[in-house]
Amino acid sequence: MFTKKPTALMAVFGLLSGAGDAIAQDSRPTTLPAITVEGTVPADNASGEAYRVPRSSSATKTDTPLIDVPQTAIAVDTGGTTVEPALDYVGGMSKGNNFGGLNLYEMNLRGLKTVNAAKNGFTANRRYDGTADAANIEQVDVLLGPSASLYGRGDPGGFVNVVTKKPFDENRTTLQGMTGSYDLYRGTLDSNIVLNEDKSLLGRFNLALESRDSFRDHVSSDRQFFSPVLTWQANSLTRLTVEAEALKDD
C-alpha cells in the first residue's frame with residue numbers, strides 16, 4: 001500500500017510539469033487584429049446635443065480643455081429662470097442680500113462679498129443690476145480666489161462669468177412652457193437659423209415671457225426678454241459675433 005503513494009505523487013508532479021510546459025509554450029505574444037473606432041465629438045455643446053462641455057475659456061482665457069485645467073467643473077440643470085439657481089451648487093458660495101426677492105443677486109465667495117460679474121468675459125454687472133435671464137444662458141462659470149485676477153479689478157472672493165448661447169450650423173427651434181407656484185407662467189422660444197448655403201452666416205434668438213405673483217401679498221412681477229445673436233465666420237481664423245439683449249422687468 002505504501003509503495004503506491006510515491007507513484008501517485010510522481011504522476012501528479014508529472015501532470016503539473018506538463019501543464020507548466022504547455023503554459024510556457026502558449027505564453028508567446030499574439031498579435032490581435034486592429035480595431036478602428038470612428039466618431040465625431042462636438043467642439044462645444046452649443047447645439048444642445050449633450051451636457052458634455054469639454055472646453056471653457058473662462059478659467060485660463062485660452063482654448064484649453066477642461067481636463068487640463070486644475071479647476072472644479074460641475075454640470076447642473078436647475079430649470080431656473082435666472083442665474084441664482086445655478087450658483088446654489090457652487091462650493092464656497094453662499095447667497096447675500098437679494099433685496100427681498102427682487103431678482104438682484106449678491107453672493108459671498110469664500111466668505112467675501114462679491115457683486116461683480118461678467119458676460120462672455122466682459123463686465124456686465126456693476127453692483128446692483130438685475131440678474132440675467134436664463135433664456136439665453138449656455139453656462140455659468142465661477143472662478144474662486146486668485147483665478148479671478150485674469151479679469152482685472154474685482155472682488156477678492158472670486159468672479160462669475162455668464163456664457164451666452166451662440167448660433168450653430170443647424171436649423172432648430174425649441175419652444176418651452178413652465179408653470180408653478182404663486183401663479184408662475186413662463187414661455188421661452190429658442191430659434192437657430194442658418195442664413196446662407198456655406199453656413200458662414202448664422203443667427204439665433206431667444207425670447208422669454210414671464211408673469212408671476214409672490215409669497216408676499218400685493219407683490220407680482222412681469223418680465224419680457226429678447227436676445228438676438230448674429231455670427232459671421234469670415235474664414236477659418238476670423239469670426240465676428242454681434243449680440244444684443246433687451247429686458248423689461250416690472
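The model is a predicted one, in which local features need pLDDT of at least 70 and side-chain atom pairs count only at pLDDT 80 or more, whereas totals for chains, interfaces and linings use all residues. Residues are numbered from 1 along each chain as its sequence is written, and side-chain values use heavy atoms, with hydrogens and water left out.

Strands are DSSP runs of E of at least two residues, numbered, like the helices (H or I, at least four residues), from the N terminus; two strands pair if DSSP finds at least two bridges between them.

| Strand pair | Residues of the partner | Bridges | Sense |
|---|---|---|---|
| S11 and S10 | 201–213 | 13 bridges | antiparallel |
| S11 and S12 | 238–243 | 6 bridges | antiparallel |
| S11 and S13 | 246–249 | 4 bridges | antiparallel |

S11 itself covers residues 220–235. Towards S10, Asp213 has Ser220 of S11 as its bridge partner, and the two strands form a hairpin with 6 residues between them, where His218 in the turn has a positive phi of about 65 degrees. S11 and S12 also form a hairpin, with 2 residues between them, and here Gln233 stands opposite Arg239 in S12.

Within S11 lies Ser227, which is buried at a relative accessible area of 0% (buried means under 20%, exposed over 50% and partly exposed in between, with a 1.4 Å probe and protein chains only). The side chain of Ser227 makes a polar contact with the side chain of Asn136 at 3.2 Å, and a polar atom of the Ser227 side chain lies 3.0 Å from the backbone oxygen of Ala244. A polar contact is a pair of N or O atoms within 3.5 Å; within protein, one must be able to donate a hydrogen and the other to accept it, and residues adjacent in sequence count only if both atoms are side-chain atoms. Leaving aside neighbours within four places in sequence, the contacts of Ser227 (heavy atoms within 4.5 Å) include Arg204, Phe205, Asn206, Glu243 and Glu245.

The structure holds 1 aromatic pair. The ring centres of Phe205 and Phe226 are 6.1 Å apart and the planes stand at 50 degrees, so the pair is tilted. Rings of Phe, Tyr and Trp (its six-membered ring) pair if their centres lie within 6.5 Å, planes under 30 degrees apart counting as stacked, over 60 as edge-to-face and the rest as tilted. Because Phe205 lies in strand S10 and Phe226 in strand S11, the pair ties together parts that are 21 residues apart in sequence. Phe205 is partly exposed at 26% relative accessibility, and Phe226 is partly exposed at 36% relative accessible area.
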